[in-house]
Amino acid sequence: MLTSKDIIAKTEKYGARNYSPKEVVIEKASGAIAISPEGKQYFDMLSAYSALNLGHCHPEIVAAAKAQLDKVTLTSRAFHNSVLCEFYESLCNLTNKNMILPMNTGAEAVETAIKCARRWGNYIKGVKDGEQEIIVCGRNFHGRTSTIISFSTDNSARKGFGPYSCGFKIIPFGDIKALSAAINDNTVAFLVEPIQGEAGIIVPPEGYLKKVRGICTDNNILFIADEVQTGFARTGKMFACQHEEVEPDIYILGKALGGGIMPVSAVAADSSILGVFDNGSHGSTFGGNPLAAAIAVKTIEILVKGDYAAQAEEKGKYFMDKLRAIINDDIKEIRGKGLLIGVEFKSSAAPYVKKLIEGGVLAKDTNRQTIRFAPPLIITYAQLDAACVIIAEAFSGKN
Ligand SMILES: *Cc1c(COP(=O)(O)O)cnc(C)c1O
């Protein structure tokens, strides 16, 4: 049997270096617990960047996947399958939209929303094709495709990957005046994360999303919410936009929609918007496949039935209070909503992450000085207590 050390060495020997994983190997996992080949147990407080909202290998989702594996897993969209309609219906009900376009990864759903907004701008709003503009925010994270990194402000995500796609205008996140000022006759959409995840769990000023909604409506531009990371109960509401009781025109969804089992993403909007896609204009071989659909249907069913939004809210408060009780002069700010929490340090967070992992808590620094805590929503209070003992120990005193 390969040890963790062997596995890491082999991985590094053959794998492209576009990631630099922490020195942990996960061989198996269940719920909020991940286990190494040597049997060391960890609390998973990253949840694969919120793709594991219902934890690792949720038994009901695994069962739904297994049942579908025995029937049919892939039909392509050349034919209908018997599960996709159920996925459409349940996601429409959840988002209060009447049309869904299924894809696989979050980045593909973002690309879908960009294409949708541009075509809507041309077909419906009457902007000349090629002149459409989309407003985005500084420090955004929307994925890794060449179009998406064209409007990233993160140099490491962009450097050397030109030529870049045009048609994007970047404004500061949380700045409502900048949004108004950036709009012109060619503006078709504003694309925004309701809480910026990769930037370090940046919560916008209260009332921001409500004002965004108003400005978008007044100027006939689409409000596109990228809820790939914040969606599906993570922040204490089913969707983070609901904290301000606003509905975007387009939801971009992914990560947790796949139940922690496989990539499932989607764009949800009304047919007046998503209807701009006609036959042949867009697609994906695997998008909406029956295995993905069965998994997504079960995932949504569990999230609703277990009222996981309320659970995330309560557990998030409990966890946040415990984090705030930790005294360390090096902590600059603790922020977040529900179970999406960032602890920002005055110095590099990396040494703290190292101590967390040694102690048995999986977490990762994002944007150098911030540690993101996003445990599975199914984590128990006893597990949170135990993890907080390790966190307090790791954060105590200077490095
Ligand atoms: C992770 C993420 C994406 C990209 O999703 P992938 O599945 O990695 O392509 C897009 N937007 C946000 C907000 C994300 O957090």
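Across the domain boundary, 28 residues of domain 1 contact 27 residues of domain 2, where contact means heavy atoms within 4.5 Å. The model is a predicted one, in which local features need pLDDT of at least 70, side-chain atom pairs count only at pLDDT 80 or more, and totals for chains, interfaces and linings use all residues. Residues are numbered from 1 along each chain as its sequence is written, and side-chain values use heavy atoms, with hydrogens and water left out.

### Exercise 1: the domains

Find the bounds of the two domains and the separation of their centres.

Step 1. Domain 1 covers 4-58 + 308-395, and domain 2 covers 71-305; such bounds come from an automatic or database domain assignment.

Step 2. Taken over C-alpha atoms, the centres of domain 1 and domain 2 are 26 Å apart.

### Exercise 2: the largest pocket

Describe the largest pocket by its volume and its lining.

Step 1. Start with the terms. On a 1 Å grid over the protein atoms alone, a pocket is an open set of points with protein on both sides within 12 Å along at least five of seven lines, while a cavity is a set where a 1.4 Å probe fits but cannot get out; lining residues have an atom within 4 Å of a point. Grid points are joined across faces, edges and corners, and a volume is the space filled by probe spheres set on the points.

Step 2. The largest pocket holds about 1400 Å³. It is lined by 46 residues, and Tyr19, Tyr49, Phe141, Arg144 and Glu198 are the closest to its centre.

Step 3. Sort the lining by class: 17 residues are nonpolar, 18 polar and eleven charged. Here Ala, Val, Leu, Ile, Met, Phe, Trp, Tyr, Cys and Pro count as nonpolar, Asp, Glu, Lys and Arg as charged, and the others, Gly among them, as polar.

Step 4. Now trace the lining back to the fold. Domain 1 and domain 2 each give at least three residues to the lining of the largest pocket. At least two residues each come from helix 2 (47-50), helix 5 (106-125), helix 6 (146-150), helix 7 (155-158) and strand 14 (364-366). Helices (H or I, at least four residues) and strands (E, at least two) are DSSP runs, numbered from the N terminus.

### Exercise 3: the second largest pocket

Which element gives the largest share of the lining of the second largest pocket?

Step 1. This pocket has a volume of about 610 Å³. Among its 22 lining residues, Pro21, Lys22, Val24, Ile26 and Lys364 are the closest to the centre.

Step 2. Two or more lining residues come from helix 1 (4-14) and from helix 2. Helix 1 has the largest share, with four residues.

Step 3. By class, the lining of the second largest pocket has 14 nonpolar, three polar and five charged residues.

### Exercise 4: a helix pair

Characterise the packing of helix 4 against helix 11.

Step 1. The axes of helix 4 (residues 84-95) and helix 11 (residues 290-305) come within 8 Å and cross at roughly 30 degrees. Axes are lines fitted to C-alpha atoms, for helices over the stretch in contact, and angles run from 0 to 180 degrees between N-to-C directions.

Step 2. Look at who touches whom: Leu84, Glu86, Phe87, Ser90, Leu91 and Leu94 of helix 4 meet Ala293, Ala296, Val297, Ile300 and Val304 of helix 11. Nine of these residues are nonpolar, one is polar and one is charged.

### Exercise 5: backbone exceptions

Step 1. Glycine 162 and proline 163 are joined by a cis peptide bond, with omega about 0 degrees. Proline 163 sits in the loop between helix 7 and strand 6 (168-171).

Step 2. Serine 47 has a positive phi of about 55 degrees, and this serine 47 belongs to helix 2.
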